[in-house]
Amino acid sequence: MATSSRAEPRPSRLARQRRASREGRSAATPYLYIAPAFLLYAAFLLFPLVRAAQFSLYAWDTVSPAKFVGFGNYVKMFNDPDLLGSFGHSAILILFYAVLPICLGLVVAAILNRAQVRGLGFFRTVIFLPQVIAMVVVAVAWTRLYSTDGSINALLRILGLGDLARAWLGDYTFALPAVGLIGTWVETGLVTILLLAGMGRTSRDLYEAARLDGAGPVAEFFAITLPAVRGEIVVAATLTVVAALKNFDVIYMTTRGGPGTSTAVPSYQVYNQAFGLGQVGMATTIGVTLALLIFGINLVLNRLGDQAVED
Amino acid sequence: MKAYRTGGNVRWTRAVAAGVGAALLVLTVGCAPGVGTTETTAPASPRASVNIDPTSMGNVTLTIWDQEVRGGQNDEITELNKQFQAKYPNIKLDRHAQSFEDLQKTGRLVLTGPDAPDVIEANNSRSQMGAFVTAGQLVSLDPYAEAYGWKDRFPQSVLRLSSYSTNGKAFGSGSLFGLPQVGEVVGFYYNRAKLSKLGLSVPQTWADLEQQLKTIKTAGETPLVLGNLEKWPAIHVFGPLQGAHTPADEITNLALGNPGGDWTDQTNLAAATELQDWVKAGYLNSDLNGAAYDDVVAKFGKGTGVYFLGGSWNTPTVDAALKGDVGFIAPPPVEASAGPSTTGGTSLPFAVTSASKNPDAAAAYINFITSDDAMKVIAAKGNLPVLHASELAPASGVGKEVYAAYELVTTKGHLLPYLDYATPTFSDTLGAALQDLIAAKKTPAEFGAALQKDYGDFIKG
């Protein structure tokens with residue numbers, strides 16, 4: 001090999017210069033490649049984002065000239081119990097949209113994965129179905145289920161629990177959990193499919209080894225299945241937490257934030273402030289805060305995900 | 001070599017980032033929202049002379065944005081447009097119809113843009129007409145009212161609902177900014193068969209009504225039904241209740257967001273207390289806050305409940321469902337001799353925009369579609385005309401009773417404005433507070449305090 005290295009001529013000074021200048025050009029090339037996509041991204045995402053942030057510094061009713069108020073909208077938002085409360089409602093919705101579906105999804109996926117049921121494809125489809133239906137349709141269907149003469153109350157009456165029957169969406173205590181359960185129903189399918197994919201990748205040998213060591217189904221789940229799908233759990237958590245925080249369609253279609261303000265969420269407040277009340281400054285303030293919140297939560301989740309993968 | 005390349009990348013990245021940042025800044029700074037779109041400020045001072053002869057206006061095109069898309073409303077405006085077109089072929093009408101909700105949202109935007117229509121239906125409320133007047137986007141119709149004699153055509157109680165001071169501060173007085181076509185009144189629909197089966201006749205006084213509710217409840221029926229999931233329907237129940245307790249002048253001040261009212265006074269407290277007592281006594285369906293408005297109207301149509309308190313626009317629905325076995329009364333007055341007081345008003349008034357190049361033609365159009373002849377067309381197409389309701393009433397049925405109730409309220413009693421006109425945020429505040437009051441999450445005093453805060457802050461600001 002020594003001969004070949006000697007045979008290769010040392011690059012001349014000129015060649016080196018030429019190469020350097022070519023590399024100088026090529027430093028710009030990647031940016032030229034991404035420029036078209038970036039320009040679209042900037043025009044339709046970055047620009048509106050910056051504009052929204054700018055609007056949040058103004059008091060503007062869309063018909064009169066805007067008035068600059070600095071961070072006045074933010075101060076007002078943090079002092080308004082109703083607006084702050086809507087962020088609290090979102091936190092509760094995360095329980096129903098993310099935590100509960102991941103717990104349920106883990107159980108369902110583990111069972112489906114272990115049992116090797118016949119017609120797995122069928123069950124997968126059924127479980128995933130809620131994801132395919134438009135949220136507006138889901139919301140209308142659940143509104144009927146929850147109504148006074150809906151199936152849920154009918155079932156309670158059949159079981160002799162007629163005293164518990166109520167207009168669920170009009171009840172101050174139960175409206176938010178009722179809306180949350182719609183989310184659980186929708187998101188569980190997505191989470192299950194994600195987890196099933198992760199579990200399918202896990203080698204059968206590991207389970208066999210565990211079984212030889214005398215592990216039961218529960219021990220198997222905690223020793224092998226759960227660690228194997230940590231990555232998928234992070235992905236599922238990211239998607240479902242974002243869905244919980246962005247929730248607008250279900251609230252709009254079922255309760256419009258009522259009764260009182262007990263199911264109002266930030267996205268609904270953005271809509272209502274901008275289009276209902278004509279207060280664009282406050283609407284964008286809530287929107288920017290919500291965007292930052294989602295960004296922050298995802299940052300944390302992704303950090304956790306990276307750690308999980310490194311382990 | 002490696003170091004050089006990385007250095008190059010960093011330089012490039014910085015350059016690109018700086019460029020993009022600068023571009024975004026240039027695009028945003030210096031164009032604050034709303035600036036540059038409202039050059040047409042300063043309401044044009046009322047013109048000294050106006051032309052009221054449409055044939056002499058030359059060839060012009062009028063762009064009209066209305067929300068008369070539902071059955072009878074669409075029929076009525078289509079017919080009137082056809083007649084106008086036949087009479088004045090030199091004025092071409094370009095109609096853009098959209099739903100109420102859509103017009104509420106797009107109206108604010110189109111008025112500030114370059115394609116503003118000549119005529120627009122603007123909701124009377126402070127969040128719509130009030131905001132447009134404040135921003136100088138509507139033309140004062142005073143000179144036209146003078147020239148066409150609108151002040152003789154329309155009663156003051158109707159005109160005040162589309163009158164603002166030119167700075168938009170006072171509502172209910174000042175200059176006229178629009179004219180409506182259709183009247184609305186909130187009252188009690190009743191199931192004829194059930195009422196007579198219970199041996200009851202239509203109540204003559206408020207005390208009669210209270211007694212009846214109790215009797216009906218004892219007999220095992222639901223006296224009064226309402227679906228309040230959407231929050232606004234209870235406003236139409238509270239309105240007549242308030243009319244029975246609070247002086248009409250004060251309600252008008254509260255509803256128009258003018259000084260002179262107090263949501264925490266004894267009369268309003270009594271109204272709120274009575275509503276909460278009705279709910280506690282089971283006079284209303286127990287799923288009130290959780291049932292959708294239209295669902296409950298449909299149930300009433302199928303025979304649930306004896307009374308339903310709602311706006312006159314429900315007439316076709318309940319009449320068809322109960323096959324004519326339904327009646328309508330204005331809320332009975334406290335004193336049998338007095339006229340009834342209840343929530344009501346008009347459909348959205350037609351207004352002329354400051355951007356219109358042909359305000360004379362626009363005013364001529366509004367004059368045409370609100371004339372006495374137009375009222376006949378409006379009634380013939382199944383709508384409650386804002387004028388001459390008793391003369392144009394149907395010969396029989398619930399329609400006749402609705403017209404009679406409207407006429408009685410507008411001539412003998414008080415047609416109280418919708419309470420959510422008051423402030424830009426009041427429909428939200430009142431809707432949520434009423435749900436709280438109904439669910440006993442707020443005491444009547446707390447209910448009053450919540451409303452007073454919104455109203456009081458608006459008056460001060």
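How close do the axes of helix 5 (residues 120-132) of chain A and helix 8 of chain A come, and at roughly what angle do they cross? Before selecting them, note that this is a predicted model, in which local features need pLDDT of at least 70 and side-chain atom pairs count only at pLDDT 80 or more, while totals for chains, interfaces and linings use all residues. Residues are numbered from 1 along each chain as its sequence is written, and chains are lettered from A and ligands numbered from 1 in the order in which they are written.

**Stop 1: helices 5 and 8 of chain A**

Select residues 120-132 of chain A, which form helix 5, together with helix 8: the two axes come within 6 Å and cross at roughly 130 degrees. Here helices (H or I, at least four residues) and strands (E, at least two) are DSSP runs, numbered from the N terminus, and axes are lines fitted to C-alpha atoms, for helices over the stretch in contact, with angles running from 0 to 180 degrees between N-to-C directions. That angle makes helix 5 of chain A oblique to helix 8 of chain A, on a scale where under 35 degrees is roughly parallel, over 145 roughly antiparallel, 65 to 115 roughly perpendicular and the rest oblique. The crossing of the pair is left-handed, a term used if the near helix is turned anticlockwise from the far one by less than a right angle, with right-handed used if clockwise.

Now show the side chains at the contact, where the residues of helix 5 of chain A include I127(A), F128(A) and L129(A), and those of helix 8 of chain A include W185(A), V186(A) and I193(A); two residues are in contact if their C-beta atoms, placed from the backbone, lie within 7 Å. This contact divides into nine nonpolar, three polar and one charged residue, where Ala, Val, Leu, Ile, Met, Phe, Trp, Tyr, Cys and Pro count as nonpolar, Asp, Glu, Lys and Arg as charged, and the others, Gly among them, as polar.

**Stop 2: helices 8 and 11 of chain A**

Among the residues that make the contact are L190(A) and L194(A) from helix 8 of chain A, and V235(A) and L239(A) from helix 11 of chain A. By class, this contact has ten nonpolar, four polar and two charged residues.

**Stop 3: a cis peptide bond**

Select G258(A) and P259(A), which are joined by a cis peptide bond with omega of about -5 degrees. P259(A) is placed in the loop between helix 12 (249-254) and helix 13 (266-276) of chain A.

**Stop 4: chain A as a whole**

Zoom out to chain A, whose C-alpha trace spans about 95 × 75 × 30 Å along its principal axes.

**Stop 5: chain B**

In chain B, select helix 2 (residues 71-87) and helix 16 (residues 372-380), which pack at an angle of about 145 degrees with their axes 8 Å apart. Helix 2 of chain B passes helix 16 of chain B in a right-handed crossing. E76(B), E79(B) and L80(B) of helix 2 of chain B meet A374(B), V377(B) and I378(B) of helix 16 of chain B, and the contact holds four nonpolar, no polar and two charged residues.

Finally, select K231(B), a residue other than glycine whose phi has a positive value, near 80 degrees. K231(B) lies in the loop between strand 7 (224-225) and helix 10 (235-245) of chain B.
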